[in-house]
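Please go through this briefing with the sequence and the structure at hand. The points are grouped by topic.

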Amino acid sequence: MRQALRAELKATRLRHTPAERMAAAEAVAERILAHLPATGGYLAGYWASAGELPLHLLQMRLPPAWIWCLPVIGPARQLAFAPWRSGDALGTNRYGIPEPMQAPESCLAPAQMQAVVLPLLGFTRDGLRLGMGGGYYDASFAFRQGTHAPPLLIGAAYAAQRLERLEAADWDVRLDAVATEHEWIDCTEHRA
């Protein structure tokens, strides 16, 4: 069932025109910046591909107290995070996605992030996230399951990706919030 839903949501995401993607990126960047703690720290994002909501405007507008990081794929479906600035070297991971050319063991661990912006295919208002199916984010942030401990997990999505319901899997790590082109959703307010 999740595979059929993923295919449908991929098609939905790809229907956005370049102008719609840029307008959504602008609105999402504003919402995330308005909700980041002033204390700063490490903010992990992602390199947008396959119609994902782009984050370059968010990265360019980060206050000086924040350091932008990108994920690096490690062993056992674990992600690590490398500080990255425009112009720094990138390679291509096994999925064809650009990532910093650093060994995962020399990067920051998921628990060292203050906030993480996650890509997704679908989401619910209570923070369930449907990703591409690799399980990297769920495995990397499993230590947060059932807690509100840092880092703050923020989904970046088009409003059209919202699902009325999604059956939770045992390994799902819920989002704290979702930023869309239309709203900021505090997912913790929508949990039973």
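Glu 164 is exposed, with a relative accessible area of 68%; exposed means over 50% relative accessible area, buried under 20% and partly exposed in between, with a 1.4 Å probe and protein chains only. Its salt-bridge partner is Arg 162, at 3.3 Å from N to O, and Arg 162 counts as partly exposed at 32% relative accessibility. A salt bridge here is a side-chain nitrogen of Lys or Arg within 4 Å of a carboxyl oxygen of Asp or Glu.

This is a predicted model, in which local features need pLDDT of at least 70 and side-chain atom pairs count only at pLDDT 80 or more, while totals for chains, interfaces and linings use all residues. Residues are numbered from 1 along each chain as its sequence is written, and side-chain values use heavy atoms, with hydrogens and water left out.

**Salt bridges**

- The whole structure holds 6 salt bridges.
- One of them joins Arg 2 and Asp 172, whose closest N and O atoms are 3.1 Å apart. Arg 2 lies in helix H1 and Asp 172 in the loop between strand S9 (152-156) and strand S10 (177-179), so this pair ties together parts that are 170 residues apart in sequence. Helices (H or I, at least four residues) and strands (E, at least two) are DSSP runs, numbered from the N terminus.
- Arg 2 is partly exposed, with a relative accessible area of 21%, whereas Asp 172 is buried at 8%.
- Another salt bridge is formed by the side chains of Glu 183 and Arg 125, at 3.1 Å from N to O. Glu 183 is in the loop between S10 and S11 and Arg 125 in the loop between strand S7 (122-123) and S8, so the two link parts that are 58 residues apart in sequence.
- Glu 183 is partly exposed, with a relative accessible area of 29%, and Arg 125 is partly exposed with 25%.

**Sheet**

- An open sheet of 7 strands has mixed pairing and the order S3-S2-S1-S6-S9-S10-S11. Two strands pair if DSSP finds at least two bridges between them.
- At the edges are strand S3 (79-83) and strand S11 (184-186), each of which pairs on one side only.
- From one strand to the next, the twist averages 25°. Axes are lines fitted to C-alpha atoms, for helices over the stretch in contact, and angles run from 0 to 180 degrees between N-to-C directions.
- Strand S2 (residues 66-73) is antiparallel to S3 and is joined to S3 by 5 bridges. Cys 69 has Pro 83 in S3 as its bridge partner.
- Leu 43 is found in strand S1 (residues 41-44) and counts as buried at 0% relative accessibility. Its C-alpha atom is separated by 18 Å from that of Thr 180, which is 137 residues away along the chain.

**Pocket and cavity**

- The largest pocket has a volume of about 640 Å³. A pocket is an open set of points on a 1 Å grid over the protein atoms alone, with protein on both sides within 12 Å along at least five of seven lines; a cavity is a set where a 1.4 Å probe fits but cannot get out, and lining residues have an atom within 4 Å of a point. Grid points are joined across faces, edges and corners, and a volume is the space filled by probe spheres set on the points.
- The largest pocket is lined by 31 residues, of which Ile 97, Pro 119, Met 132, Tyr 136 and Tyr 137 are the closest to its centre.
- Helix H1 (2-14), S2, strand S5 (98-100), strand S8 (129-130) and helix H4 (136-140) each give at least two residues to this lining.
- By class, the lining of the largest pocket has 17 nonpolar, 6 polar and 8 charged residues. Ala, Val, Leu, Ile, Met, Phe, Trp, Tyr, Cys and Pro count as nonpolar, Asp, Glu, Lys and Arg as charged, and the others, Gly among them, as polar.
- The search finds 1 cavity of 30 Å³ or more, and the largest cavity has a volume of about 30 Å³.
- Leu 118, Arg 129, Tyr 137, Asp 138 and Val 173 line the largest cavity.

**Backbone**

- Most residues other than glycine have a negative phi, and most peptide bonds are trans.
- Ala 50 has a positive phi, near 55°, and lies in the loop between S1 and helix H3 (56-60).
- Arg 77 also has a positive phi near 55° and is found in the loop between S2 and S3.
- Pro 150 and Pro 151 are joined by a cis peptide bond, with omega about 5°; Pro 151 is in the loop between H4 and S9.
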